[in-house]
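Me: I have a model open and would like to learn how to read its features one by one. Where do we start?

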Amino acid sequence: MEGVVAVAVHTEILNGLNPGNGIKDNGNLNGNPYLKSVPISALKQNGLLQSLAAGGNQTKTEEVSLEVERAQEEWDALESIQPVLAEDLTPSPLISFNEALQHFQTTDLGDLLKNIQPTIRRTGLAAITHFLFGPPRLHKDLVEERDLVFAIAQCSLDNGQSVHMRVLQTIYRKLTCTRADCPRFGPHWENVGFQGSDPATDLRGTGFLGLMHTLYFVMDPEILPLAREIYKLSQHPVQNFPFCVMSINMTRIALHALREEVLSKECNRRQQVVAVLNDFYVATFLHLYQLWKSQQKTISDSGHVLKEVELFAKKNPKQILKRLEGYLKERRAGTGHRTSPDTLSHSNPSPGDTGSQAGSQGGKEGKEMNFTGVCELPPEMEGEARLI
């Protein structure tokens, strides 16, 4: 059998890719030079063996094969094939809240109707007390819209749905101010405040509604500055918290408020459910932000703060919506930056609050909504979206 010798061939670029970048060669994955088995006779024929023996200083002799020269010429003339990087791909179009909502309105959610429990079940004295002294019932013409909310809260993130993926990409790109899409899985999701490499694992308590609310937050031009202020605080070296997980907690609080009928009066007044819920979500997030910033809270305080925020928001829905209205009015007037977080904290309520028109932009959206599908978030799915 003819002897062979292994020659180390240093290749800077192989089809446009550096071998050290993890290209697989003969089943091995490494960054070392490629080893190619060459018959000794071939080395003799093309002069490589003599050149190696002389330490590489010997000039090329006329014994060098014409085939080797031709092969070298062809290789030099070959156009390098560069890999297509993710950022060079055409990004998916951003999606608005209304477009995403329309997707769910036109999706058949009938199978989920069997699990609907849109309000708290009360019996005995609790039922009588609630009937006599509790909030008013939701108007009948708003029931379908309310049930759609609980339907979305039951839906999981589906990798096969382009709308779902666009929602996810829009949230990431608007928060990070990037133009390119990012991979579906990876540690980059932790940069925007998810707890791991897959955002779906953080949606157990709110379903897709958790993403819908975050989408609303980053796509409404009037409240996007607030979203970025909160996102900036979430990156603070001391007061940091996971932004998207905190947002999911605000959605959970809003869902509980809707189920406990504390938003029914406002929904009836405005003849809307989705728009009221959106505003309540933003208002609750604003309240948490002001409390967190002014009282210098840290992640170790998250459990206590979330409990305090939930109790206050559900007990004072009208007041918390008024504060959002006041905050947005100040921003529109160009004085929002002068507002101290303390001025709107629940420990110092504003005495001059007037009637609420919170979420006028949400009202415009609500008039365009035609609701078609309904279902509900089962009670067992309403556990807290934990921060830690």
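Reply: Start with the surface, and keep in mind that this is a predicted model. The chain has an accessible surface of about 21000 Å², and 53% of that belongs to carbon and sulfur atoms. Of its 388 residues, 45% count as buried.

Me: What does the secondary structure of the chain come to?

Reply: There are 15 helices and 4 strands. For contacts between residues at least 6 apart in sequence, 76% join residues at least 24 apart.

Me: How do I read a nonpolar core, and which residues have the most contacts inside the largest one?

Reply: In soluble globular proteins, nonpolar side chains tend to be buried together. Here the largest nonpolar core has 80 residues, and those with the most contacts inside it are Val167, Phe208, Leu211, Met212, Phe217, Phe280 and Phe285. Helix 12, residues 274–294, gives the largest share of this core, 13 residues.

Me: Take one of those residues. What does Leu211 touch?

Reply: Not counting residues up to four places away in sequence, Leu211 touches Leu157, Val167, Leu168, Ile171, Phe194 and Leu203.

Me: Where does Leu203 lie, and is Leu203 buried or exposed?

Reply: Leu203 lies in the loop between helix 7 and helix 8. Leu203 counts as buried because its relative accessibility is 7%, and the cut-off for buried is under 20%. With neighbours within four places in sequence left aside, the contacts of Leu203 are Leu157, Leu211 and Ile248.

Me: Now a residue inside a helix. Where is the place of Thr214, and what is Thr214 in contact with?

Reply: Thr214 sits in helix 8. At 2% relative accessibility, Thr214 counts as buried. Leaving aside neighbours within four places in sequence, Thr214 is in contact with Ile171, Phe243, Ser247 and Tyr281. From C-alpha to C-alpha, Thr214 and Thr170 are 9.8 Å apart in space, and they are 44 residues apart in sequence.

Me: How is a pair of packed helices described, and at what angle do the axes of helix 12 and helix 13 cross?

Reply: Two packed helices are described by the angle between their axes and the distance between the axes. For helix 12 and helix 13 (residues 302–315), the axes come within 10 Å and cross at roughly 135°. Helix 12 is therefore oblique to helix 13. Their crossing is right-handed. On the helix 12 side the contact is made by Phe280, Thr284, His287, Leu288, Leu291 and Trp292. On the helix 13 side the residues include Val305, Leu306, Val309 and Phe312.

Me: At what angle do helix 10 and helix 13 pack?

Reply: Helix 10 and helix 13 pack at about 35°, and their axes are 10 Å apart. This crossing is right-handed. Helix 10 brings Met246, Asn249, Met250, Arg252, Ile253, His256 and Ala257 to meet Leu306, Val309, Glu310, Ala313 and Lys314 of helix 13.

Me: Is the crossing of helix 4 and helix 7 left-handed or right-handed?

Reply: The crossing of helix 4 and helix 7 is left-handed. The axes of helix 4 (residues 97–105) and helix 7 (residues 162–176) come within 10 Å and cross at roughly 155°, so helix 4 is roughly antiparallel to helix 7. Glu99, Ala100, His103 and Phe104 of helix 4 make the contact with Val163, His164, Arg166 and Val167 of helix 7.

Me: What should I make of backbone angles, and what is the phi of Glu261?

Reply: Most residues other than glycine have a negative phi, and most peptide bonds are trans. Glu261 is not a glycine, yet has a positive phi of about 70°. Glu261 lies in the loop between helix 10 and helix 11. With a relative accessible area of 8%, Glu261 is buried.

Me: And Gln296: where does Gln296 lie, and is Gln296 buried or exposed?

Reply: Gln296 lies in the loop between helix 12 and helix 13. Gln296 also has a positive phi, of about 50°, although it is not a glycine. Gln296 counts as exposed because its relative accessibility is 61%.

Me: Last, the loop between helix 11 and helix 12. How far is Gln272 from His139 in space?

Reply: Gln272, found in that loop, is 9.9 Å from His139, C-alpha to C-alpha, and the two are 133 residues apart in sequence. Gln272 is buried, with a relative accessible area of 6%.

Key:
Residues numbered from 1 in each chain as written. Heavy atoms only, no water. Core = buried A, V, L, I, M, F, W, Y, C linked by side-chain atoms within 4.5 Å. Buried < 20%, exposed > 50% of the residue type's maximum accessible area, 1.4 Å probe, protein only. Contact = heavy atoms within 4.5 Å. Areas by Shrake-Rupley, 256 points an atom, 1.4 Å probe, with all protein chains shown as cover. Axes fitted to C-alpha atoms, helices over the stretch in contact; angles between N-to-C directions. Parallel < 35°, antiparallel > 145°, perpendicular 65-115°, else oblique. Left-handed = near helix turned anticlockwise from the far one by under 90°.
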